[in-house]
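These are my notebook entries on a structure that I had not examined before.

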Amino acid sequence: MTGGHRVALAAALLLTLVAAGLGIAQPIAMKAVIDALGTGRSITLLVVGLVSLLLLEACVGAGASYLLERTGERFLLRMRTRLFTHLLRLRMPTFDRFRLGDLMSRASTDVIMVREAATRSVVDIATSVAMIVATIIVMFLIDPVLMGVVVGVLLAVTAATSGMTVGIGRVSARLQHTVGAMSADLERVLGAIRTVRASRAEHRETQRLIGLAHDAYDAGVHSARLVAGVHALITMAVNGAFLAVLLVGAVRVSQGVLTFSSLVALLLYANQLVLPVAQLVEGVATVYKVRGAAERAQEVFALPVEESAAVGAAVPSAADSSAVLEIRNLRFGYSPAAPVLLDLSLTVPRHSMVALVGSSGAGKSSTFALINRFYQPWQGSIRLDGHSPDELDLAAWRARIGWVEQDCPILHGTLRDNLRYAAPDADDEALWHAIDLVNLRQKVEKLPDGLDAQVGEHGARLSTGERQRVAIARAVLTRPRLLLLDEPTAHLDPANEAALTATLGNLRRECSLLVIAHRMSTIRSADTILLLANGTARATGAWPKLFDTHVEFAAR
């Protein structure tokens, strides 16, 4: 996980160890000062040396801290970059299984926690172990008995805190899952806030979120209780070690076994152990604490992604085919037990308009999803411009298709940003041409900022019909070979419906159209009508012949 940052981490570790070494040398220097005072020698150079050690430790420690923080931020940037890249390339079925708020929590909260464990905690643990070992060795050289007292206390603390650190890991994993669920629920509620308000469901949703917040609170308090217990044991152990060294050392000084200067040095070392022991236990606890967050982040990287495709790659020319789209014997479903399409075949000739009609659940939207290669069919074939999916990568395939979804998603930003979303290099002339095609010029010209007007979150500053027309203009701007329209006139008033119906006729000069249609105005203007029922094409024909021969279609 720290690959690419190991050199920087090693440098930070080295500087931290140097700073620790300078700290370990200070009690020895202090011992030398005391010995010099006892013999009447000059202490000037010794004091200068002691002060130099203090200053060097501070400078080297500051450098190590800065390098470590910078490495942590670079690690966080790399993790976020990888996660964002991976999330936006996940296969579409993955988004059917995971909640968006939970995925967002993994890419935000979880990676920040992982950063602490992967950078600072790693260095803290390594430095603390080195400093503890070095301190114990020096104490052994001064007095093995007092060293044994300190080691005994440290071993007791290690045994007492080991179970607590494991418990912290379990509780923290539960906390991260709860926070992910809470983020997912909040995203669900805010994404449908108008429905929530209209349904008078604010109280129910608030109580649900508060319940999840209480679960997170309980897990957080449990974790805090364990952390407080660990800190209390550390404090008690360090203070106990200091008092034990003082008591036993005083006895040994009185017996003449230990010099006073050696006791001072040992007391300073016992006091110095406070920080490394605390850092070691806290570092280990942090590693356990973020293990759940790390696992959640790694789960994202294990999810399958779509094939990668070079942006701007050359798009192959159309094969010699009279149809822009050919579907043969398509079978598909979202689960093996519930097939949606059983044996679908259809053809969209060049510069024609085909209307796809049928009852809800007949498979119309699933057909569009398969054409866009969001899912893989169980069997059958789809050919676009005479090419099979094996002959065109995803970028080249989707570059030939324009798609207008039924809910017409509009992104936060300006009207210009939304129109140029799929065609970022389009100039204003092309923008106004697309706007004219959907009869939206009058609306845009009335806006104070024109094309640079903000549309609001999810296009909240536009009416439903305006959002639909913006989505159509956005799709047309890419000059697709095939334009997929999911109920393009569903939210339009009669005047704009008639204008758009005329526009659809004009679009046939530039591309082919496959339209999911329910309104008769759209159906009548189609060259071919395909009635979809029970996962297959029940009938194909033109208006009004199909209307006369199929009662279930006429009933629509």
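**Entry 1: terms and conventions.** I take buried to mean under 20% relative accessible area, exposed over 50%, and partly exposed in between, with a 1.4 Å probe and protein chains only. Helices (H or I, at least four residues) and strands (E, at least two) are DSSP runs, numbered from the N terminus. The model is a predicted one, in which local features need pLDDT of at least 70 and side-chain atom pairs count only at pLDDT 80 or more, while totals for chains, interfaces and linings use all residues. Residues are numbered from 1 along each chain as its sequence is written, and side-chain values use heavy atoms, leaving out hydrogens and water.

Entry 2: I began with helix 11, which is mostly covered, as seven of its eight residues are buried. I listed the buried ones as Lys364, Ser366, Thr367, Phe368, Ala369, Leu370 and Ile371. Just after helix 11, I noted that Arg373 takes a positive phi of about 60 degrees.

I then turned to the sheet. Two strands pair if DSSP finds at least two bridges between them. I found an open sheet of three strands in the order 2-1-4, paired antiparallel. Its edge strands are strand 2 (338-349) and strand 4 (379-384), each of which pairs on one side only. From one strand to the next, the twist averages 20 degrees. For such angles, axes are lines fitted to C-alpha atoms (for helices over the stretch in contact), and the values run from 0 to 180 degrees between N-to-C directions.

Strand 1 (residues 323-335) is joined to strand 4 by five bridges, and the two run antiparallel. I recorded Arg383 in strand 4 as the bridge partner of Glu326. Helix 11 (residues 364-371) packs on this sheet, touching strand 1, strand 2 and strand 4, and its direction makes about 115 degrees with that of strand 1. Contact here means heavy atoms within 4.5 Å.

On the other pairing, I found eight bridges joining strand 1 to strand 2, again antiparallel. Phe332 stands opposite Leu341 in strand 2. Strand 1 and strand 2 form a hairpin with two residues between them.

**Entry 3: helix 7 with helix 8.** Two packed helices are described by the angle between their axes and the distance between the axes. I read that the axes of helix 7 (residues 202-254) and helix 8 (residues 260-272) come within 9 Å and cross at roughly 170 degrees. Helix 7 is therefore roughly antiparallel to helix 8. In this scheme, angles under 35 degrees count as roughly parallel, over 145 as roughly antiparallel, 65 to 115 as roughly perpendicular and the rest as oblique.

From helix 7, the residues Val238, Phe242, Val245, Leu246, Gly249, Ala250 and Val253 meet Phe260, Leu263, Leu266, Leu267, Ala270 and Asn271 of helix 8. Ala, Val, Leu, Ile, Met, Phe, Trp, Tyr, Cys and Pro count as nonpolar, Asp, Glu, Lys and Arg as charged, and the others, Gly among them, as polar.

I also looked up Ala237, which lies in helix 7. Ala237 is buried, with a relative accessible area of 9%. Leaving aside residues up to four places away in sequence, Ala237 touches Val153 and Val157. Ala237 and Val157 are 80 residues apart in sequence, yet 6.5 Å apart in space, C-alpha to C-alpha.

**Entry 4: helix 2 with helix 10.** At what angle do helix 2 and helix 10 pack? I found about 45 degrees between helix 2 (residues 44-87) and helix 10 (residues 291-302), with the axes 9 Å apart. The two are therefore oblique to each other. Met79, Arg82, Leu83, His86 and Leu87 in helix 2 meet Ala297, Val300 and Phe301 in helix 10. These divide into six nonpolar, one polar and one charged.

**Entry 5: single residues.** Is Thr94 buried or exposed? Thr94, found in helix 3 (residues 92-97), is buried, with a relative accessible area of 3%. Not counting residues up to four places away in sequence, Thr94 touches Leu303 and Pro304.

Lastly, I looked up Glu487, in the loop between strand 6 and helix 17 (494-507). Glu487 has a positive phi of about 55 degrees although it is not a glycine, and is buried at a relative accessible area of 6%.
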